[in-house]
Amino acid sequence: MPADPAPEVSDEIRKTTCYMCACRCGIDVHMQGGRVKHIEGNRDHPVNRGVLCAKGAAGIMQHRSPARLRAPLRRTGPRGSGEFREIGWDEALGIATNWLAPVREKHPERLAFFTGRDQSQSFTGWWAQQYGTPNHAAHGGFCSVSMAAAGIYTLGGAFWEFGAPDWERTKLLLLFGVAEDHDSNPIKIGLGKLKARGARVVSINPVRTGYSAIADQWIGIAPGTDGLLVLSLVHVLMTAGRIDLPYLLAFTNVAHLVDQDPRSPGFGGFLRDEEGRELVWDPERHRAVPWDAAGVRPALAGTFNVGPTHAKPVFQLMAEAYLDPALAPEAVGPACGVPAEEIRRLAALLARTAFEEEITLERPWTDFRGRRHERMVGRPVAFHAMRGISAHANGFQTCRAIHLLQMLLGTVETPGGFRFKPPYPKPLAIHPKPHHKVTPGKPLDGPHLGYPRGPEDLAVDAEGRPKRIDKAFSWEAPLAAHGMMHMVIANAVAADPYPIEVLFLYMANMAWNSAMNTAGTMEMLTATDASGEYLIPRIIVADAYASEMTAYADLVLPDTTYLERHDCLSLLDRPISEPDAAQDAIRWPVVAPDRDVRPFQSVLLDLGHRLGLPGMIEPDGTPSFADYADYIVRHQRRPGVGPLAGWRGEDGAAEGRGAPNPQQIDRYVANGGFWSGHVPEEAAFFKPWNAAYQDWAVATGLVDAPQPFLFQIYAEPLARFQAAALGKGAQQPPEHLRDTLARAMAPLPVWYPAPDETEADDYPLHAITQRPAAMYHSWGAQNAWLRQIHGENPLYVPGAVWEALGFEAGDWADVVSPHGRISVPVARMDALNPMTVWTWNAIGKRPGAWALDPRAPEATRGFLLNHLIPERRRDGTANSDPVTGQAAWYDLRVRLERVPARSRSEPRFPPQAVLVPR
Amino acid sequence: MTSLPASTERALGLVIDLDTCVGCHACVVACKEWNTTSGPCAPLSDRDPYGPEPDGAFLNHVHGFEAVPDDGPARVVHFPKSCLHCADAPCVTVCPTGASLKRASDGIVLVNEADCIGCGLCAWACPYGARELDPSQGVMKKCTLCYDRIENPSLPEVDRIPACVRTCPTGARHFGDLGDPGSAVSRLVASRGGFDLMPEQRTRPTNKYLPPRERDVDLLAPLLEPLPEAEGGFLGWLDRALARL
């Protein structure tokens, strides 16, 4: 036995923020002898309260990974070979400047700058804006933009990043398409609380793993049919009159009058008075009045003549849409793979919990109309949804349908329901619109990403052609609020809508697991014109690791690990707020890099200075910021509002608003790396309508004036796009998109099936992926400890299919889609929708990548489904949600063919050279 | 052969809630990390960590099982497994060198690595497969219940618990004295029907498992009835509901 049973655990604890996934938990980094010894959760941290997941605890192996790059790299071999020589930073930044400067002077749009799982988007976006290219976004377009956009257009906030279940009070939680991520520890902590209280969890997911495994009820739905199930629940609740009418009347646009005259220029839009106020029908005065007129008790049903047109309240349109027997459980059950009885039981459970188990907090509050409420009454049903919903071509509308169900039950922003995290909720009206006006040598006219209100806000030219390389905010994806990174390479190579000069990627593995049509994408990256020039002439990649994408770079800018850098998790983009507090956090260098690498954000500031970008260079030619930490402290987005909200003002006494404080980062470090600004108790619920919350949000700098608003069951911006698709208005979509847009842009939530790209008989199975709880994309799959947990990813086959095809343990199958064929190992699983196969995401590797042995199982038996997924549909449009451009990963249909067992999966790729010699 | 204490002053162990474990492996990696960087048996080796057959020592594993009932959907249970610190630990009595031992003070089963010859008899004797031969050092390793944490005065009192318990995100792991019927863990076992793993092996394990709760759908709960047409159906309901507001 060891001598000392009570050793000193460490010399020192340094508290910073994890980056092993997107959760942003607080970590205690134990130091010994100046080195990182071990990492555990920070007990004081509001996100994880001391716990830490497998990824977080394996952070030390990420830090010590042999795949870490050592110095800037200049390509010496052909693209994709992985042959490079190490160079110095002066040379690297000189090369980058020489490539980027002339592009900026002549046609800045020929820089495509896309950042992957970036947590500094307000900064990288600002940099791209100052450079002047319209071609910037992060990875949201292939992640979950449909959730974000549906939430913003409907509720002014969305699942996960912008809201959370009321874990302390809810009695029933419904999870839709939630695997063991997004988010990780907060959901696990919350599920633990629910279990301890005996609350009920229902998971709707084709695959029963993790969270679904402990759900009290699992509904193994057919992929892509969640919206149909939800609208059937809506149907059952409405036909039974089991909806929260007072809530709908007080807090949603259910009474707004919608112009129903097809000849009217405002067809499909709300009626408004001369001051722009939306109108409702006052049945007592027999006329339309503003929605917030004193004492009005608006009509909810009927058709009313108003001026030259006629109109219906939103609720009338809802009744017409959702009382339709086509939505009865008996009608939708077969398509969903869910028995009608089960849908009816779920509807009854929702109604019983919401209306018979309501909870009351004795907390008076005052609404924006000035009405005082003696208590807060809540309906304890909470919802969470994630990529299983959003990665389908109907994801936006499905998410809208879930929000509709939440509103009918009166559960949004009430005790026990779904709660927003500051700075959300924020009404659509104060969100930016997309900006895309290019002036050579000058900044862009505003921030790239935003929320179009109608066709006039699209990023298209006078002929309707896309202005962005990814075609975000074009007629192909009008509400592409996070851009469409998954289309950049394919569009650039096709010079559609134009060619690019420089592709600049940060932390995005676009030559592998983040691309659709991976093999094709690898070919595109090396495709040349007649003269032998690459069709994408320059590729710069910034990453800390030797990923598959780095092999396709011409210039590699090596990043640090998360333990060696400053970062801010800012209220300007992706903070760490919880419903009861506005919160932000930092990372700081708990150790110095032991090699010639630099934090990417500081490198961008250096590049910005070299390029002379406004805001990054002083009149005397000196850099405006010494490094990213300096930017975090001194940059101001609006007067007094900067990246961090805590300890502002020269003495550090201000919160939210205040002058830059030179000691700000020290104060964060002393506080464990984060800041919390607590929402007053009176302001904690009913936030969109709560006067105390609105005042607090102004004082905290989240908004500049109170912004009360109504939830948008009927989304007028969608109606305006739908009207355009029907031929109305000046801006008109291309003919081939009319039918799609007319259907997808419905202003009330609808369900439509995935576009039929197959003959269903030939491809009877759905094929999807899920992310394991212990891994975050290819980053995690290279980790020495985590790869011993999930080193292989067989294709899981449901029992009935397994038996029908005569599979046995150790078998292999060809998986065939209309786009391609792969050969993979298979395994049986019964806790699975009977028409669905699936595998773990991002375990398969290209031989030689990530410093793994080329004989590693990840490179020999591992595989990607991505090879089966085309980036375009047969009609040439993006394989995406036609509303948001969200990559429709999970619309894949396949068939299986049993093949003789083999030792390597197909397709195979030549090894890439090991970028980091051992 | 090595003898077991007739009784122990305390019976420290884990209570693991199978109703709450989501199989996230947080406990597996926290254990690996603690016992690689600290801990009495550090380091836990990894042979070929980036190669074709990575083989590392892990003192804690999570297994997943499927069960397909005759009625209702298939179930998945995640089952964390480490040494159960048995009262009648066959791994101790089989040890030819005395390296395996059970402490009389708290019941923790340990290996004295200096005396371990790596013969593997304990691994054969353990019916749970909880022993782990370190691939590089050739000695047997196992869960120590983090005895270097649980009474370590250099740690804050709140952290004097095993690393796996400290990190568990769902709170599915509990640590305490199962020899004391009044302890929180003993009460939890009593209230939730905690059970011994493979009692027929007569090892009298200290660790207990809490079974997944039966939470079947209430088939008898009333369904929602459509609004009666005789009372005007949906519109009739709407009129009445609005009049009540």
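**Two chains, from domains to local geometry**

In chain A, the C-alpha centres of domain 1 and domain 2 lie 34 Å apart. The model is predicted. Domain 1 of chain A covers residues 159-423, and domain 2 of chain A covers 765-899. The two domains touch: 22 residues of domain 1 of chain A are in contact with 23 residues of domain 2 of chain A. On the domain 1 side of chain A, helix H13 (387-390) and helix H14 (395-408) are the elements that give two or more residues. By class, that side of domain 1 of chain A holds nine nonpolar, ten polar and three charged residues.

Now step back to chain A as a whole. Chain A contains 25 helices and 34 strands. The C-alpha trace of chain A spans about 80 × 75 × 70 Å along its principal axes. Of the 918 residues in chain A, 62% are buried. Among contacts in chain A with a separation of 6 or more, 69% are between residues 24 or more positions apart.

Turn to an open sheet in chain A. Seven strands form this sheet, in the order S5-S4-S25-S24-S23-S6-S7 of chain A, with mixed pairing. Strand S5 (84-86) and strand S7 (136-137) of chain A are at the edges; each has a single partner strand, so one side of each lacks a neighbour in the sheet. Strand S4 (residues 73-75) of chain A pairs with S5(A) in the antiparallel sense, over three bridges. Within this pair, Leu73(A) has Glu86(A) in S5(A) as its bridge partner.

Another set of strands in chain A is built around S31. Strand S31 (residues 812-816) of chain A pairs with strand S32 (residues 821-829) of chain A, antiparallel, over five bridges. A hairpin of four residues joins S31(A) to S32(A). Val816(A) has Arg821(A) as its bridge partner in S32(A). S31(A) also pairs with strand S34 (residues 893-899) of chain A, again antiparallel and over five bridges. Here Val815(A) stands opposite Leu896(A) in S34(A).

Helix H10 (residues 314-322) of chain A has several buried residues: Val314(A), Phe315(A), Gln316(A), Met318(A) and Tyr322(A). The cover over the buried residues of H10(A) includes helix H8 (226-239), strand S12 (257-259) and strand S16 (309-313) of chain A.

Next comes chain B. Chain B has seven helices and eleven strands. A compact globule of 245 residues would have a radius of gyration near 18 Å, but chain B has 24 Å. The C-alpha atoms of chain B fill a box of roughly 85 × 50 × 45 Å along the principal axes. Buried residues make up 44% of chain B. Of contacts in chain B between residues at least 6 apart in sequence, 60% join residues at least 24 apart.

The chains meet through 63 residues of chain B and 74 residues of chain A. On the chain B side, at least two residues each come from helix H1 (26-37), strand S5 (75-81), helix H4 (147-150), helix H5 (163-167) and helix H7 (233-244) of chain B. H1(B) gives the most, with eight residues. The side of chain B that touches chain A has 38 nonpolar, 14 polar and eleven charged residues.

Finally, look at the backbone. Most residues other than glycine have a negative phi, and most peptide bonds are trans. A cis peptide bond joins Pro422(A) and Pro423(A), with omega about 15 degrees. Pro423(A) lies in the loop between strand S22 (418-420) and helix H15 (488-493) of chain A. Another cis peptide bond joins Asp496(A) and Pro497(A), where omega is about 15 degrees. Pro497(A) is in the loop between H15 and S23 of chain A.

His182(A) is not a glycine, yet has a positive phi of about 55 degrees. The loop that holds His182(A) runs between strand S9 (172-176) and helix H6 (185-197) of chain A. His182(A) is buried, because 23 other C-beta atoms lie within 10 Å. Arg202(B) also has a positive phi, near 60 degrees. Arg202(B) sits in the loop between helix H6 (184-192) and strand S11 (208-210) of chain B. Arg202(B) is exposed, with 12 other C-beta atoms within 10 Å.

Notes:
Residues numbered from 1 in each chain as written. Chains lettered and ligands numbered in written order. Predicted model: local features only at pLDDT ≥ 70, side-chain atom pairs only at ≥ 80, totals over all residues. Buried ≥ 20, exposed ≤ 12 C-beta atoms within 10 Å, placed from the backbone. Contact = placed C-beta atoms within 7 Å. Domains from an automatic or database assignment. Nonpolar A, V, L, I, M, F, W, Y, C, P; charged D, E, K, R; others polar. Pairing = 2+ DSSP bridges. Rg over C-alpha atoms; globule rule 2.2 N^0.38 Å.
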